[in-house]
Amino acid sequence: MKFPTGAILLFAVGACASYDAGDTFKPQRISFSDLETTTGDIDSAFIDALTSVGIVAIKDIPEYASLRIQTLSSLTKCAHSSHSGSKSHTFDDGTVRTTLATRTIPGPGGAQPIIQTSKIAPEDCREFEESSLRLRAVVDETTRAFSTKLASIIGRQADTHAHAGALLETRDGFQFSDFAAIANEGEHLEHFHSYDNPSTNESHEEKTLDFHTDQGIFIAFTPALSSSGDAAGTGHFFIMREDGSRPEVEFEDSDLIFMLGDGVNQIVNPHHEASYQALRLRAVPHAMNMPDLANRSVRTWYGRMVLPPVDAVHPENGKTFGEIRELMISGQEEVLGLACTGSASARQLEEVLCEEGTLFCWHRCMNHTEYYPVSPDICADDGLELKCVNPRGQHYVKGHGDFYPNCAPANTVPATPFPTLPTYPRDNVTCSQEEWNKYAGTTGEYAYCHDIGKFDKARFCWSVDGGSIDGRLSYNGLYGYLAFGFSSGGEGIMGMFGAEIIMGLPGGNFTPVNGLDLSLEPTVKEYVISDAYTRFRHWSQPVPDRDTSSYAVNSTDCFTSLTFKTNSINSREFNVTGTDVMLWAANGKDTFVEFHGQDQRDLFEIEWASGSVTQISGVEEGHSHEEGHSHDEDKHDKKDGATPSSESTKKTLASSFVGMTALFWMLGSHWP
């Protein structure tokens, strides 16, 4: 069964050009450790490389060098194995490229499997599977560090200029505030390429890939590896400088290369111009041709292309990036240039295949039995069909939500937004900044007060009373829910998995079909978020036998506040003489305990006795807005690698993505 997903805007094609013989270029090298620190000289070298050339090399990445060799050395055998899901393409110069393709999606689910392990001889791919998974994790970490570093430098420069708003927005107003947000919230397309060419190309004139600019925001890739061990066997990679010269690039084998794509011309640079910033990133044109592989050596390579978020609106044409990709699938000529700057255009087809026993549902191939014991035959026996549906029995078309395979009628309706709170939307004239300052101001009542986050959506005040915290969290929004508590300190979604929280709900009798019943009394209870699932339906039972008599929620037609006095949450005591990492989240739109956006949640460290608050920037920030994204970073609600409850599903979880093979084709050039 085939399921189309968003087309991938790989690159804008440039003009063919010859190689400048004898001219070579070595990229600026930055240590991995320097990505995580602020150093004037290093930062200057980093940003200069990306503005003047558009390419930078990251060195000294832990484990990377050995993993690169292990993965690329074992790639060819696996890619040429039957049923691996690989695809081949022959270029004009006779080079044959065999590709294993996959992707990493933001949030839970993360790195998708590459091959159909159930149909392939284990000895053909075992080494590649093990090493590639570890390599991808290292590259993912480095990619996020690169994005955060660039966002930080851009942000410091922006502080001295007038602002033009967020880099990107969704139609419902959620803002992707900086470079890291758009990079972390987009899909990361990953290709493992194996090249073979019996002909020779020593003249460097006939290029396997002519000069082009990648259509993503940026690409991270490994220097190629030759099976012969000869550096000359890795091919020739060229860039085009601003002055038009075309040097061959010399890479260090142990480096991970980052190269900016045309996405910075579409998204970042226009934003800088609008806010009067001089900084302009450069998308670098590049080309590649194969070496002389007459001795039957093979060139292998891995790359990861970072795309904009699918629901972000293109700054110029008004379509979301996801819509543009869908239009490109249809091959409509009039849309082929929508996502390119200048006169460049791109065209491609993506196809996703799910193996038997799985269904493409919410961006991945899910086992039929992942949540319920269903199959096409079981559904047919009841006169139903197997569909990707939400708890309200609506089928998935696009967008965000809680979806899984289940039996449903043939005429199941498409998913619709949740019903809103009775007073939504609030009157923003009445609910003014002045009124918010009055509501959240608690001068004299508490020892310390801090605005939490950078969106002016919450204010937390507290006093230390013996071993207890007397606190008040004020939220600049309506009462859908309001929560505050300990971060789990673990990985995933801002420390949310396993977090221990105090949460106020405006009603009771919650169901994922109907939400909260607002005719019932509001409650304020303690909860422990599941360490495997983020959807409230998985952890909706409060912690028993806890004294919550000091907990209360006050709500108006504008604002909400949660007050409490306690020495612990779920028996976890506050470190009143030290620090705790805390989180909060809220929803001001509906009663389904689902949505919280980047501006309705934060992670921060509090030093209780001194009154110090430090914002923590998680690597999975920048996702949802209360207008349209979900409680679990708008992704599926299962933690990456978590096991569902049924034993049969535990056994098949490892293959839940197995059949999905993304085939990224271009009619024309392609990335290396």
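Modeller: In this predicted model, six strands make up an open sheet with antiparallel pairing, and their order is S31-S28-S27-S36-S37-S38. Strand S31 (523-528) and strand S38 (612-615) are the edge strands, each of which pairs on one side only. From one strand to the next, the twist averages 25°. Within the sheet, strand S36 (residues 579-587) and strand S37 (residues 601-607) run antiparallel and are joined by seven bridges. Val581 has Glu605 in S37 as its bridge partner.

As for the disulfides, the structure holds four. One of them joins Cys78 to Cys125, with an S to S distance of 2.0 Å. Cys78 belongs to helix H3 (residues 64-79) and Cys125 to helix H4 (residues 122-158), so this pair ties together parts that are 47 residues apart in sequence. The torsion about their S-S bond is about 100°, and the disulfide is therefore right-handed. Both Cys78 and Cys125 are buried.

Another disulfide is formed by Cys379 and Cys407, whose sulfur atoms are 2.0 Å apart. Its torsion about the S-S bond is -85°, and the link is left-handed. Cys379 lies in helix H8 (residues 376-381) and Cys407 in strand S23 (residues 404-408), so the pair ties together parts 28 residues apart in sequence. Cys379 is buried, its relative accessible area being 0%.

A disulfide also joins Cys431 to Cys558, again with S to S 2.0 Å. The link of Cys431 and Cys558 is left-handed, with -80° about the S-S bond. Both of these cysteines, Cys431 and Cys558, are buried.

Methods:
Residues numbered from 1 in each chain as written. Predicted model: local features only at pLDDT ≥ 70, side-chain atom pairs only at ≥ 80, totals over all residues. Heavy atoms only, no water. Pairing = 2+ DSSP bridges. Helix = DSSP H or I, 4+ residues; strand = E, 2+ residues; numbered from the N terminus. Axes fitted to C-alpha atoms, helices over the stretch in contact; angles between N-to-C directions. Disulfide = S-S within 2.5 Å. Buried < 20%, exposed > 50% of the residue type's maximum accessible area, 1.4 Å probe, protein only.
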